[in-house]
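Me: Hi! Could you walk me through a structure with me?

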Amino acid sequence: TETGSVVELVTEDFFALSPEAPFDFLFDYTFFCALPPTLRARWGEKTASILRPDGGALLTLMFPLEDDAVASDHAEIAGPPFPVSLEEYTRALQPHGIALDEGFPRESPHTVERRQGRELVAWWGRH
C-alpha cells in the first residue's frame with residue numbers, strides 16, 4: 001500500500017449503513033443478484049447516498065445475466081441468485097446520477113468457465 005492509504009472493510013446491514021463520510025469506492029460482488037428484485041431501486045438509492053459525490057467509483061460484477069425481460073420480471077422468481085441485466089442496474093442507478101464509465105460493461109478475462117457469457121464487470125460513476 002501507499003503511505004497514507006487507508007482501506008476500510010465494512011460488514012453491516014447495507015440498508016442501515018450510515019457512514020461518517022461517503023465511500024470513495026464500493027465493490028458490488030454479486031450483492032445485487034442476492035437481493036429480491038423488489039429491493040433494486042432501494043439498492044440504487046442507498047448506493048448513491050453512501051458513494052462520494054465527487055469522484056466516488058462503483059465496481060459491479062453482474063451475474064447471472066439474463067435478458068432484461070427475464071431480469072425485470074419481479075414476479076415470484078426463484079433465488080438467490082436472482083437474474084440481473086444491465087438495464088436493471090441502470091434503472092437502479094441512473095435516477096441518482098450514476099452512469100457507466102466509458103468502455104463498460106465488458107467481459108473479464110478472469111471469469112471462470114461456467115460463468116462465461118453470464119457475467120460482466122462494469123465501472124460506474126457520477127458524470
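Reply: Happy to! This is a predicted model, where local features need pLDDT of at least 70, side-chain atom pairs count only at pLDDT 80 or more, and totals for chains, interfaces and linings use all residues. Residues are numbered from 1 along each chain as its sequence is written, and side-chain values use heavy atoms, with hydrogens and water left out.

Me: How many aromatic pairs are there?

Reply: The count comes to 8 aromatic pairs. Rings of Phe, Tyr and Trp (its six-membered ring) pair if their centres lie within 6.5 Å; planes under 30 degrees apart are stacked, over 60 edge-to-face, and the rest tilted. F14 and F31 are edge-to-face because their ring centres are 5.2 Å apart and their planes at 70°.

Me: Which parts does that pair tie together?

Reply: F14 lies in the segment before β1 and F31 in helix α1 (residues 31–34), so parts 17 residues apart in sequence are tied together. Helices (H or I, at least four residues) and strands (E, at least two) are DSSP runs, numbered from the N terminus.

Me: Is F14 buried or exposed?

Reply: F14 is buried, at 17% relative accessible area, while F31 is partly exposed at 29%. Buried means under 20%, exposed over 50%, and partly exposed in between (1.4 Å probe, protein chains only).

Me: New topic: where is E20?

Reply: E20 sits in the segment before β1 (25–29), and E20 counts as exposed, with 88% relative accessibility.

Me: Back to the rings, which residues form one aromatic cluster?

Reply: That cluster is made of F32, W43, Y89 and W124. Both F32 and W43 are buried.
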